[in-house]
Amino acid sequence: MSVNTTSYTGDEPEYDANITRSRNPDTFPEIVPYIWIGDPPAFTGCCQIDTAPISSPEFRVTLHVCKLTLLTGDASESESATWQWQYNTSVCFNDGENATLTWRVTLNSGEGVGAVSIWQQPVKAGGSPIQMYSTISGKVSGFRDRVMSLSYSGSSPVYDVVFTLKVNNSADGFGTKQIQCRVNSKNYLIGQPASDTVLKVQEDPHKPDNTSLTILGGNASAQCGLKISFNCTADGVPKPNKYSLYLGNQAMKTDTNGEFSNIQLNTSGEHVFTCVPTNIIGEGLNKTVIVNASEVLPVVSVDIPSNSRMIKGSNVTLTCDGTGPVPLQISWYKDNIFKASGKNLTISKVTVQDEGNYTCNVSSSCGTTLNTSFIGVDYIPENTTLQINKSNNTSITACVGDIILLNCYAEGKPSVITYSLLLNGEQHKANRSGVFLVFPGTPGWNNFSCVPNNTIGKGPEALVHIIVPDKPVNTSLTILGGDASRQCGSNVSFNCTADGVPKPNKYSLYLGNQTIKTNTNGVLSNIKLNTSGEHVFTCVPTNEIGEGLNKTVIVNASEVLPVVSVDIPPNGRMVKGSSVTLTCDGTGPVPLQISWYKDNIFIGLGKTLTISKVTVQDEGNYTCNVSSSCGTTLNTSFIIVDYLYPNKEQWFLQWGGLFLSDGYSKYKPNNGLCFIWPPYILNLCRVLTYLAFQERWSLY
């Protein structure tokens, strides 16, 4: 057997040769403890042993340090500084083995060891430590029969403490206690915290044996689908840490304490269950029990159409469900041919071929149940035919009073069919034979249709025409949308219909006495109302015999005024001598005409009006006239002409005591006219300048 040494991560550990080494020289090579500077590497446990078979009954394991703690400090610090300890926090030995534990302690500078004592410290919090050995008094009462020794060596400030003990686990109970080292300084007698090492005992390992597998409840017979529970136990060193339950060769469940609950018997028949216990040495002896599960058939319910009949062309869903102790599988068959899986079978559009035996198969690992139903297909009469005088003609020309034989036939299920004969959509005759004698009585189209009917419903009609020639009649002219009042500029559409033998092949639409549109179907679309007021529309249908009766409707178009926008100089003012362009635009449902007027006198056409050199006479009311066949909109603006009066400027200069340059008219009052005078003159200047500009004595 081999030992798996614990791996570590990080830098290579430093080796301290002064730490006592422990080993079994007959079985294993030397195992050396290590000390790490800083945090130790992570270990997975105290002992790691592979699972190879044990060949020697003298197998013993000595585990070196699982975790090391290094306490560091400055030796030059004062006498109250904390000592530095180096020791194993956890070690493992076999029962009856001589255990050696070591501590290295670094005291404060100048201190020496006065005494060393070993204590037994309970792991549980709150327990009181018990002294075992002292370098002063030796073994303490209660431990005098124990084989142990204690010594220390070294020189200030570093000392090594060695404690040996023959392990007696029944007396020491090291699974619940720790070994604690205490050191007293002979120089300063400063007490320091004790250092604890956990001592654990390893028994002789072996695979699990004495395996037992019991059925909770004790009954080895049960119904398929029920759940049973097991308890598996076994001995072993170390004790089993895993129990595996198998059904045949298949692993079912794993547990650390051997309790296997709610194992479902998913199939009927014999079930062989086996428990395999395992510890770190390997798998132990297994144990098998047999459980017999009896068959349990599913309970099935089926939902099919009423009276087991389907209607051709409809959508039908057949539903099958079942209950049982284990999961169910549901499938559908028609005439023993597989159709679908699942609870529902949907026939999207029933045909005659869908009639037959439908079987729902509900199966599980515990048993199977079948449910079969015959479902028929009913349908309305179809393939309707209507013959004229036993011919296949769909229309004939006849005269008023002729005798004509009509034969109607259709297929359906149920096969009892009633035939109804309609003339121009109105009920004319009915019987179950489908044979009718008719006598055309009016000019035009005599449309005969036969409609078959059974208990499922009406079938498709068959239609024939007996034509008695005539001009178009029953003319109708309707406004699409139904509103006879519209806005000027909008579109209106009409539909014109008429009867005739033969049918009309031309429809003419008139506005007043003017033809505006002609077509063959009577749909007269997008007729624009270009003017406001009353519009009289007339439709005249025509066939090969001639023009038929006409029909007239009146549409009123309301006035729609153009929307006008005008662009004139800012504040409605022009400057004498400048060039100015006035702009006018408009929107409306029909084409627009734009004209300009000044003081009600026409002066131009178009969107723009340009005054090349403004004079005083150009001041006045400017009107933009935007007109169309749907209405007219006027927009009038009064535009003022600004200019300079030289004689008023001289008066302003004399009474204001001001001096203005020749460029006076080029600036606003506060942009360079009054900024150089004293405040009282400046204020007077501003007032007079404001008044002057209100009278338009200068330009700005």
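Which side chains meet in a salt bridge at 2.9 Å, N to O? They are those of Lys334 and Asp335, where a salt bridge stands for a side-chain nitrogen of Lys or Arg within 4 Å of a carboxyl oxygen of Asp or Glu. The model is a predicted one, in which local features need pLDDT of at least 70 and side-chain atom pairs count only at pLDDT 80 or more, while totals for chains, interfaces and linings use all residues. Residues are numbered from 1 along each chain as its sequence is written, and side-chain values use heavy atoms, with hydrogens and water left out.

The count of salt bridges comes to nine. In the pair named above, Lys334 has a relative accessibility of 13% and so counts as buried, whereas Asp335, at 36%, counts as partly exposed; buried means under 20% relative accessible area, exposed over 50%, and partly exposed in between, with a 1.4 Å probe and protein chains only. Another salt bridge joins Asp585 and Lys607 at 3.6 Å, N to O. This pair links distant parts of the chain, 22 residues apart, since Asp585 is in strand β45 (residues 580-587) and Lys607 in the loop between β47 (601-605) and β48 (608-611); strands are DSSP runs (E, at least two residues), numbered from the N terminus.

Lys598 brings several features together. This residue has its place in strand β46 (residues 593-598) and is buried, with a relative accessible area of 17%. Lys598 forms a salt bridge with Asp599, the closest N and O atoms being 3.1 Å apart, and Asp599 itself is partly exposed at 36% relative accessibility. A polar atom of the Lys598 side chain also lies 3.4 Å from the backbone oxygen of Glu619. Among the residues that Lys598 touches, not counting those up to four places away in sequence, are Ile603, Gln617 and Tyr622, contact being heavy atoms within 4.5 Å.

The structure also holds six aromatic pairs, that is, rings of Phe, Tyr and Trp (its six-membered ring) with centres within 6.5 Å, counted as stacked with planes under 30 degrees apart, edge-to-face over 60 and tilted for the rest. The rings of Tyr152 and Tyr159 have centres 6.4 Å apart and planes at 70°, so this pair is edge-to-face. Phe230 and Phe273 form a tilted pair, 4.8 Å centre to centre with 45° between the planes. Because Phe230 lies in strand β14 (residues 227-237) and Phe273 in strand β18 (residues 269-278), this pair ties together parts that are 43 residues apart in sequence. Phe230 is buried at a relative accessible area of 1%, and Phe273 counts as buried at 0%.

Key. Helix = DSSP H or I, 4+ residues; strand = E, 2+ residues; numbered from the N terminus. Polar contact = N/O pair within 3.5 Å; in protein donor to acceptor, adjacent residues only side chain to side chain.
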